[in-house]
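Dear colleague,

Please find below the structure I promised to hand over, with its sequence. My notes on it follow directly after.

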Amino acid sequence: MLMSRLYAPTLKEDPGEAELASHRLLLRAGFIRKQAAGLYTYLPLAWRSLKKIEAIVRDEMDAAGAQELLMPIMVDAQLWHQSGRYDAYGPELMRVSDRHDREFVLGPTHEETVTDLVKDEISSYRQLPLNLYHIQDKFRDEMRPRFGLIRGREFIMKDGYSFDADQAGLEKSYHTMKDAYASVCERCGIRALPVVADSGQIGGDTSVEFMALADAGEAAIVFCPQCDYAADDEAASTTLPIVEGPASEDILRVATPGAGSIAEVTEFFGIPASATRKALALIDGDGRPAIAIIPGDRELNEVKAERVFGDYHLMNDEELEDAGLIKGFIGPVGLPEDLRLVCDESLHQSHYWICGANERDYHLTGVQPGRDFEPEMWADLSTVKADDPCPHCGHPLVGARGIEVSQVFQLGTKYSEAMGATFMDRDGRERPLVMGCYGIGISRTLAAAVEQHNDDQGIIWPVSIAPYEVALIPLDPHKEPCERAWKALFDELLEAGIETIVDDRDERPGVKFADNDLMGFPYQIILGKRGLAQGVVEVKDRRSGERVDVALDQAANYVAGLVRKARL
């Protein structure tokens, strides 16, 4: 490819809309252009890299025994009604009607479609296991699309689905896909942690996300440097040390005028916040008032709370008054009978609580669970923090941020039961198919790679997904002996199977160097008048910045060796 013919309009200044490095650099380097909020055109350089990511994915999927197909992006809404997700998915689901007023959705994911596809075709255990995947545009009507390709409305995703006869088969398929996804990240040059995750709108009981570590990542994660435990903050768990309030065999009612916050209570009693109990009043998904109690130094984890309370919201002042509750002085003793009470499981073994008295300006000490109150249930409600003990080995957890590039789910029979996808087992019994689901964000992987591989000059592509592996930069491209030299070198590199682009533009050397650094081609071969007079070219490693002089007649072999060694 000649850069004079390349459609890659670069920008001199950082776009004002771009918040993340990947968004800024992909726009500046001429890889993408915004069409509307959350909608981007992939220009030729980006498309080459995306195709390489897809090729890596296909290679790993095919090696794992998965089969590629292509399902329509527009899905009959009746399938989503059948699965129960039409209303549950929320406003992110793009709903459309055709000219005959039939309802359709633009597929954000394809569990319903693939289940409907196989349910009339798979009838016997002999046809299992089966693993199908496709790579396709998806659409989610994000309320706040942002960060470029990290959270867009239209994006490219590989989603795959396994079908097995039982849980043992599912677990085998799941771990095969999990290993394949780890290989995809590694081959794309992305450092990713497999973290325990919440299954979200997909459903299922077990899920792992592959998080590309990045300071600008949307997701907060914790991981243990001593073992393999890692989880996002929506699913992370820990074993907290029990911190008791003042010991007393009887409940003591203590006047605490104006002490309506955890900070004020800790100051009044001279105790750490972890020795207090934070009560949060909310309305659960069924419209019932409820109280969630967590340690005073913790925050309520919204996702964990949704598992217990459904689509809840915290009470406003009017709802507090209607429920007979006093803000800042709520506690588990003497609550109205119609209120649900759920306590964080980390408090289950604690004996002496200090908590609100359900009376303005009063708290209770010496409150004992089991004697003075009994919650409806104990549940994991708190957000895990850095330095909390690892639930596996007890070492302190480390906090980080990450970009979710892929996720694997054990769906079980969630969709097959709802949609009547069954088979006959060995004993002639009809049973629902046991399913798994596996997604990789192709376009998000591109952005994640840029987040991890960049510097002040621009992108630094891993060789495996670089749009071109080598940039030839002749400083006098249309003058001899430079023109003859670069054309011969170009032919040698192409013959050696090295993807090469030539900056044949009539631009100043500084402009060429800046653009090639910005675009991030892994290796640069610079052909200057002085070097050519001595029979040498300069080879630059974009990542390290190292520059070496190489004999012109050895340059193609030398650079081809570097590229082949760096290919993942």
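The centres of domain 1 and domain 2, taken over C-alpha atoms, lie 38 Å apart. Please bear in mind that this is a predicted model. In the domain assignment, domain 1 is made up of the segments 46-71, 108-234 and 398-451. Domain 2 covers 252-379, and domain 3 covers 468-567.

May I turn next to a sheet. Three strands form an open sheet in the order E13-E19-E18, and their pairing is antiparallel. Which strands stand at its edges? They are E13 (252-255) and E18 (353-356); each has a single partner strand, so one side of each is left without a neighbour in the sheet. From one strand to the next, the twist averages 25°. Between E13 and strand E19 (residues 362-367), which run antiparallel, there are four bridges. Arg253 has Leu364 in E19 as its bridge partner.

When neighbours within four places in sequence are left aside, the residues in contact with Lys278 are Ile262, Ala292, Ile293, Ile294, Pro295, Gly296, Arg298 and Glu299.

The remaining notes concern salt bridges, of which the count comes to 39. One of them is formed by the side chains of Asp14 and Arg24, at 4.0 Å from N to O. This pair links distant parts of the chain: Asp14 belongs to the segment before helix H1 (21-28), whereas Arg24 lies in helix H1, and the two are ten residues apart. Asp14 is partly exposed, with a relative accessibility of 43%. Arg24 also counts as partly exposed, at 23%.

Helix H2 (residues 44-63) holds two further pairs, both of which involve Glu54. In the pair of Glu54 and Lys51, the closest N and O atoms are 3.4 Å apart. These two residues are three apart in helix H2, so about one helical turn separates them. In the pair of Arg58 and Glu54, the corresponding distance between the closest N and O atoms is 3.3 Å. Arg58 and Glu54 are four residues apart in helix H2, and therefore about one helical turn lies between them as well.

How do the accessibilities of these residues compare with the cut-offs? Glu54 counts as buried, at 4% relative accessibility. Lys51 is partly exposed, its relative accessible area being 39%. Arg58 is likewise partly exposed, with 26%. Salt bridges that share partners join Lys51, Glu54, Arg58 and Glu68 into one network.

With kind regards

Notes:
Residues numbered from 1 in each chain as written. Predicted model: local features only at pLDDT ≥ 70, side-chain atom pairs only at ≥ 80, totals over all residues. Heavy atoms only, no water. Domains from an automatic or database assignment. Pairing = 2+ DSSP bridges. Axes fitted to C-alpha atoms, helices over the stretch in contact; angles between N-to-C directions. Contact = heavy atoms within 4.5 Å. Buried < 20%, exposed > 50% of the residue type's maximum accessible area, 1.4 Å probe, protein only.
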